[in-house]
Amino acid sequence: ATYSLACADYGQANEATGLPAGVDYTHHALRARLTRRFPKDITTGLQYLFAHYREPSGGGRNNYTAHGLFATLSVRLP
């Protein structure tokens with residue numbers, strides 16, 4: 001399993017336009033993976049991903065929460 005966190009706090013008030021300048025964001029990602037090896041050169045894998053992204057400086061337009069599920073099957077050919 002792995003966890004990663006990325007943050008940025010570069011936002012500033014832009015008095016000339018009233019719009020924010022720079023970016024503020026927080027991104028969390030969690031991955032968990034299981035693998036299983038079977039006889040005769042077969043390997044399977046199952047991976048789950050959770051991601052959570054918040055960007056208040058973008059007015060919330062880019063915010064998301066995502067779930068992913070990935071399955072793999074590997075066969076070694078002779």
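**View 1. T26 and its partner across the strands.** T26 has R54 in strand 5 as its bridge partner. This is a predicted model, in which local features need pLDDT of at least 70, side-chain atom pairs count only at pLDDT 80 or more, and totals for chains, interfaces and linings use all residues. Residues are numbered from 1 along each chain as its sequence is written, and side-chain values use heavy atoms, with hydrogens and water left out. Strands here are DSSP runs of E with at least two residues, numbered from the N terminus. Strand 4 and strand 5 run antiparallel and are joined by 13 bridges; two strands count as paired if DSSP finds at least two bridges between them.

**View 2. The turn between strand 4 and strand 5.** Now look at the hairpin that these two strands make, with three residues between them. Here K40 takes a positive phi near 65°.

View 3. Four strands build an open sheet with antiparallel pairing, and their order is 1-4-5-6. Strand 1 (2-9) and strand 6 (64-75) are the edge strands, and each has a single partner strand, so one side of each lacks a neighbour in the sheet. From one strand to the next, the twist averages 10°; axes are lines fitted to C-alpha atoms, and angles run from 0 to 180 degrees between N-to-C directions.

**View 4. Strand 1 beside strand 4.** Strand 4 covers residues 24-38 and is joined to strand 1 by eight bridges, with the two running antiparallel. To find your way, look for A6, which stands opposite H27 in strand 4.

**View 5. Strand 5 beside strand 6.** Twelve bridges pair strand 5 with strand 6 in the antiparallel sense.

**View 6. Two residues of strand 5, L46 and Q47.** Strand 5 (residues 42-54) holds L46, and Q47 is placed in strand 5 too. Are they buried or exposed? L46 is partly exposed, at a relative accessible area of 41%, while Q47 counts as buried, at 17% relative accessibility. Buried means under 20% relative accessible area, exposed over 50%, and partly exposed in between (1.4 Å probe, protein chains only). Leaving aside neighbours within four places in sequence, Q47 is in contact (heavy atoms within 4.5 Å) with R31, A32, R33, G68, L69 and F70.
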